[in-house]
Amino acid sequence: MTFHRIYAMFLRYLYATRHPSRFFEFFFWPTIDVGFYGFLSIWIGRLSHIPNIVTTFIISLVIWQTVYRSSYEVCVNVLDDLTEQNLINIVGSPLKIREWIVSMMFSGTFKIIFTILYGSLISYLFFSINPLTLKWLLIPILPISLMSGWMTGFFAAGILIRFGTKYQQLPWVVLTIGFFFSAVYYPVSSLPPWMQNVSLCFPMTYVFEGIRFLENYGSFPIENLIIGFLLGIFYTVMFTQFFILMFKSSKEQGLTKLF
């Protein structure tokens, strides 16, 4: 792989963020999500008298925003290339598919740094809660968040490449399923047994369970970080390979009508 080609694609996706619609949603959804679920958690906390529930909700939500952002960057960038009929330019250039994948990963990594800083600012302004108090725990949590976003992002992007823009709602469906099973706001034990088994297959489940344990008992289970990290690596490798296979299949058969 060549760095300058990766950097060129990274700049292409970075410049796309300057569009007013992309720039607006970059701030809009984190603000709405943190505000809505934060005030909801305050109300639930007053009714239930569960200690630290507001802090757990807010920190979990900000961490989930990083998963959302890394997945979003993959899916929307691929969708943009499809709808703008730019895919033929990518294929016709010396760019290798792995360089393309790495550039989208870099784009997501760059933007989740801003996401967690902005989410922490909103949390502090609205609720006087700062997720950055996790300190050193952010070092392993953020890579797990990134990989969790990449696994959903490249799965959905592979379907888009293979079957075209008629499945353009799929990225948000996949993210919603990931949100549902990752137990962001509720413990895994609250799910039915079969759903618990599915939930334990998601890397972020171990992060959110660890955050709840930290707020209740003052320590974060290290084994949760290890399991989440290993699952993240496994799924990232698997779904980037899935994306490559879908890309090659679509290219050979012309299934997206853009090759």
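Angles under 35 degrees count as roughly parallel, over 145 as roughly antiparallel, 65 to 115 as roughly perpendicular and the rest as oblique. The model is predicted, and local features need pLDDT of at least 70, side-chain atom pairs count only at pLDDT 80 or more, while totals for chains, interfaces and linings use all residues. Residues are numbered from 1 along each chain as its sequence is written, and side-chain values use heavy atoms, with hydrogens and water left out.

View 1. Helices (H or I, at least four residues) and strands (E, at least two) are DSSP runs, numbered from the N terminus. Along the sequence the pattern reads α-α-α-α-α-α-α-α-α-α. Taken along the principal axes, the C-alpha atoms fill a box of roughly 60 × 40 × 35 Å. The radius of gyration is 19 Å, which agrees with the value near 18 Å that a compact globule of 259 residues would have. This radius is taken over C-alpha atoms, and the globule rule is 2.2 Å times the number of residues to the power 0.38. Of the 259 residues, 54% count as buried. Buried means under 20% relative accessible area, exposed over 50%, and partly exposed in between (1.4 Å probe, protein chains only). Contact means heavy atoms within 4.5 Å. Among contacts between residues at least 6 apart in sequence, 77% join residues at least 24 apart.

**View 2. Helices H5 and H6 in contact.** The two helices pack at an angle of about 130°, with their axes 10 Å apart. Axes are lines fitted to C-alpha atoms, for helices over the stretch in contact, and angles run from 0 to 180 degrees between N-to-C directions. H5 and H6 are therefore oblique to each other. Their crossing is right-handed. A crossing is left-handed if the near helix is turned anticlockwise from the far one by less than a right angle, and right-handed if clockwise. On the H5 side the contact has Trp 100, Ile 101, Met 104, Met 105, Gly 108, Thr 109, Ile 112 and Ile 116, and these meet Leu 138, Leu 142, Leu 146, Trp 150, Phe 154 and Ile 161 of H6. These residues divide into 12 nonpolar, 2 polar and no charged. For this count, Ala, Val, Leu, Ile, Met, Phe, Trp, Tyr, Cys and Pro are nonpolar, Asp, Glu, Lys and Arg are charged, and the others, Gly among them, are polar.

**View 3. Helix H6 (residues 138-163) against helix H7 (residues 170-181).** The axes of H6 and H7 come within 9 Å and cross at roughly 150°. That makes H6 roughly antiparallel to H7. H6 passes H7 in a right-handed crossing. H6 brings Thr 152, Phe 155, Ala 156, Ile 159 and Leu 160 to the contact, and H7 brings Leu 170, Pro 171, Val 174 and Leu 175. By class there are 8 nonpolar residues, 1 polar and no charged.

**View 4. Helix H3 packed against H7.** The angle between H3 and H7 is about 155°, and their axes lie 11 Å apart. That makes H3 roughly antiparallel to H7. The crossing of H3 over H7 is right-handed. Trp 64, Tyr 68, Ser 71, Tyr 72, Cys 75 and Val 76 of H3 make the contact with Pro 171, Trp 172, Leu 175, Gly 178 and Phe 179 of H7. The contact has 9 nonpolar, 2 polar and no charged residues.

**View 5. Arg 69 and Ser 70 in helix H3.** Helix H3 spans residues 53-83. Arg 69 counts as buried, at 3% relative accessibility. Leaving aside neighbours within four places in sequence, Arg 69 is in contact with Glu 25, Phe 26, Lys 111, Ile 112 and Thr 115. Ser 70 is also buried, with a relative accessible area of 0%. Not counting residues up to four places away in sequence, Ser 70 touches Gly 108, Ile 112, Ser 145, Leu 146, Gly 149 and Trp 150. Ser 70 and Leu 142 are 72 residues apart in sequence, and their C-alpha atoms are 10 Å apart in space.

**View 6. Ser 128 and Lys 135 in the loop between H5 and H6.** Helix H5 covers 97-127. Ser 128 is not a glycine, although its phi is positive, about 60°. Ser 128 is exposed, with a relative accessible area of 60%. Lys 135 has a phi near 55°, again a positive value in a residue other than glycine. Lys 135 is exposed, with a relative accessible area of 61%.
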